[in-house]
Amino acid sequence: MTINIILLIAMTVATLWTVMGRSLLKATLGLAVTSVVISVLMFRLDSPMAAVFELSVCAGLITIIFVSAISLVKPLTHKEAIVVSKDRMKRFRYLPLLVILFGVIAGFFGIPNDFKPIYVALANDVRTVLWSLRQFDMFGQIVIIIAGALGVVVLFREKEKR
Amino acid sequence: MPSLLVLIPLFGIILLNLPFRRLNEKYVFWFAVFLLSVQILFTISHHSLFWQQGMGYIDSFFKVDFAIDSLSFIMLLCIAIVSMVSLSVSRYTIPDPRERFKFINLLMIAAIGMNGIVITKDLFSLYVFLEITALSSVVLIAFQKDMNALEGAFKYLILSSIATIMMLFSIALILLVSPGTSFAVIAAALKESPNSAVIIFAMGIFICGLFIKGGLVPFHGWLPDAYTAAPSAVSILLAGIVTKVCGIYTAIRVIAFVFGFNEVIKSLFMFIGLFSILIGALAALGQKDLKRLLAYSSISQVGYIILGFGTGTALGMAGAVFHIFNHAVFKSLLFVNAAAVEKRIGSSDLDRMGGLSYRMPITGSTSVIGVLSTCGIPPLAGFWSKLVIIIALWQSGHYMYGTIAVLASILTLAYLLLMQRKAFFGKLPKELENLKDLKEVGPEFTLPSIILAMITISVGVFFPFVFDKFVVPIKSIFMQ
Amino acid sequence: MSPDTWHILSVFVAFVAVLFVCGIYSILVTRNLLRTVIGIEILIKGVTLLLIVVGYITNQTGLTQSLVITIIVIEVVVMVIAGGIALSMFRNIDSIDTRNLTKLKG
């Protein structure tokens, strides 16, 4: 359990770095580190498949997508960047305080103890669930990937009237 | 075999996107028309083989139950009608055939998503299809990539994602007490642990997410921007069916069948409904842009639906569902006419319009029918659904709500007649007199308008027949 | 509920709540469109972590892992489309600062 708490604190630090990071590239890196820590946590919580998925997709694919998006957008000049980041720091300086406050309050009170979580005796394995019980969701995933492909075709093409 | 409703469009899209592009661009329109008409035909005839669960070889592949009661039938009918109207209008407003090909593909995906929402009986599948619909709607809004549309699309995407994240959070908390995510399992589990603060919190967050999706006050910030900035064919789709399926139908299904009613939920819904009616109507009074006025009017009418649903009686809920159907029909009609006007004049600013019904007679007269139905004037369809809702309010003792709802109809009358007078009656302004092609629009606009107007009139005039065939079955679903 | 499970659940929920606070703060305060998208990412990661914890406590790891996998797939597509919209906006006006988006009034 202590290892979990250490990992959770590392996750919080990585998230704070993501949100308050100075340039977008640092923020993306912070997001990738958060994903890695969450993946390790998932692995410790008996969910290896989800952990692998999170690691490969979130820490890998999304980082690549973000870095490509950022490099397609023109960066600010150095002077503008400093002004913008000072402005950002002013707006974001309350966040660590808020986080620590929230964490202390939540840790102090905890969840109300008035319900009993169930314990499913004969749980199914991930593979069984995914392939034989949740086929409608898999179908939905296929459709959404097609929708994403169509969206990319619509949005990423340059207008021809240039 | 209701799963065919989502399978066949998917295979169609995959087939159409194979390399024989030139050939497919001509056929995709008629393929879509064919699919949607098949959907309309099957939803009107309830007893055909299509709906028998036992016959489904294809259904058994999915191993899940599908919800095929009267509520789903009406929603499928609405989806098919509005999608067909949007398809027809797009033929004229998106002239380039390659663009139209992409548009029709995205429209089919949105239809798959909405059909999936309506026939599923599982809370997580509901989430998946909600996301499909939301994503395809976002891409549709941003279709022509002008600045306003992109901004509206981005706002919609962010708020819709926040709403679905709230729903997921609620599902996670509910999984603490329920061994599965299907409706029946969750309903059984929630009956056993009723008064826990965590479960009530989960239900509350879920309902807030639904309110954001449905565009109810105070979460309606994205709605006027998205409806106004979208291209005309997409506004018809959004206002006619997407917001209602994603937010309102989901609320009805989940609350009536999963969470169950209690006093808090009922009063919350009635309060938010009344609030939406008033704020939508008051905001619509001051609008100068035609599409924005219609957007606020949509917020107001959806308030009526939620008000009727919040009474908790079977009659109120049947009235709410009936009003969903009527609103789909007359709001699409008004938006089709707005699209026609915008195509001819080039702007949707009310101050620059006037006297259009002399030059565009069909648009003008169908618009009058749409306006009268929205205000609830007998014998059109809108009158009957509003009457049912108000009767349900009186029967359950909420006299104040009923009176305010009736008074709000006067507000509705005010802003819609104002719009009608400014746009269609009165004198033609000088700068428009010289527009040579200010004549009636082509059949792609007039045919849907006339058909929708006919539907409104006939549902209103033949109301006893409609009541027996459609409304009473819905009442019986809700009487548990 | 046994004190052990309550302890685990409380600790994880507290940290997930902290993630939510960071994400929501980021969405509300930032003026850069891509950072709004990062905020939504953080919120989704919080929800997936919560789902996994719930699965661990109730021994439904199969179900919750399937849900999380589906959520991750959907999340990727949402990211791509949001990035696409931001990119198209940038191509129109050469900046993704929301101070320049003043046309629509809500």
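Guide: Let us start with B:A230, which counts as buried because it has 26 C-beta neighbours inside 10 Å. A residue is called buried if 20 or more other C-beta atoms, placed from the backbone, lie within 10 Å of its own, exposed if 12 or fewer do, and partly exposed in between. Please keep in mind that this is a predicted model, in which local features need pLDDT of at least 70 and side-chain atom pairs count only at pLDDT 80 or more, while totals for chains, interfaces and linings use all residues. Residues are numbered from 1 along each chain as its sequence is written, and chains are lettered from A and ligands numbered from 1 in the order in which they are written.

B:A230 sits in the loop that links α10 (222-229) to α11 (232-259) of chain B. Helices here are DSSP runs of H or I with at least four residues, strands are runs of E with at least two, and both are numbered from the N terminus. Leaving aside residues up to four places away in sequence, B:A230 touches B:I141, B:A149, B:G152, B:S235 and B:L238. Two residues are in contact if their C-beta atoms, placed from the backbone, lie within 7 Å. B:A142 stands 88 residues from B:A230 in sequence, yet their C-alpha atoms are 7.0 Å apart in space.

The surrounding chain comes next. Chain B contains 21 helices and 0 strands. Its radius of gyration is 22 Å, close to the 23 Å from the globule rule for 480 residues, so chain B is as compact as a globular protein of that length. This radius is taken over C-alpha atoms, and the rule is 2.2 Å times the number of residues to the power 0.38. Along the principal axes, the C-alpha atoms of chain B fill a box of roughly 70 × 60 × 45 Å. Like B:A230, which is buried, 58% of the 480 residues of chain B count as buried. Among contacts in chain B with a separation of 6 or more, 80% are between residues 24 or more positions apart.

Another part of chain B shows how two helices meet. The axes of α17 (residues 381-395) and α18 (residues 399-423) of chain B come within 7 Å and cross at roughly 155 degrees. That makes α17(B) roughly antiparallel to α18(B), a term for angles over 145 degrees, with those under 35 roughly parallel, 65 to 115 roughly perpendicular and the rest oblique. Such axes are lines fitted to C-alpha atoms over the stretch in contact, and angles run from 0 to 180 degrees between N-to-C directions. From α17(B), B:K386, B:I390, B:L393 and B:W394 meet B:Y399, B:Y401, B:G402, B:A405, B:V406 and B:S409 of α18(B). These residues divide into 7 nonpolar, 2 polar and 1 charged. Ala, Val, Leu, Ile, Met, Phe, Trp, Tyr, Cys and Pro count as nonpolar, Asp, Glu, Lys and Arg as charged, and the others, Gly among them, as polar.

Finally, chain B has a partner in chain A: 23 residues of chain A are in contact with 34 residues of chain B. On the chain A side, α7(A) gives the most, with 13 residues. By class, that side has 16 nonpolar, 4 polar and 3 charged residues. Chain A itself has 7 helices and 0 strands, and 31% of its 162 residues count as buried.
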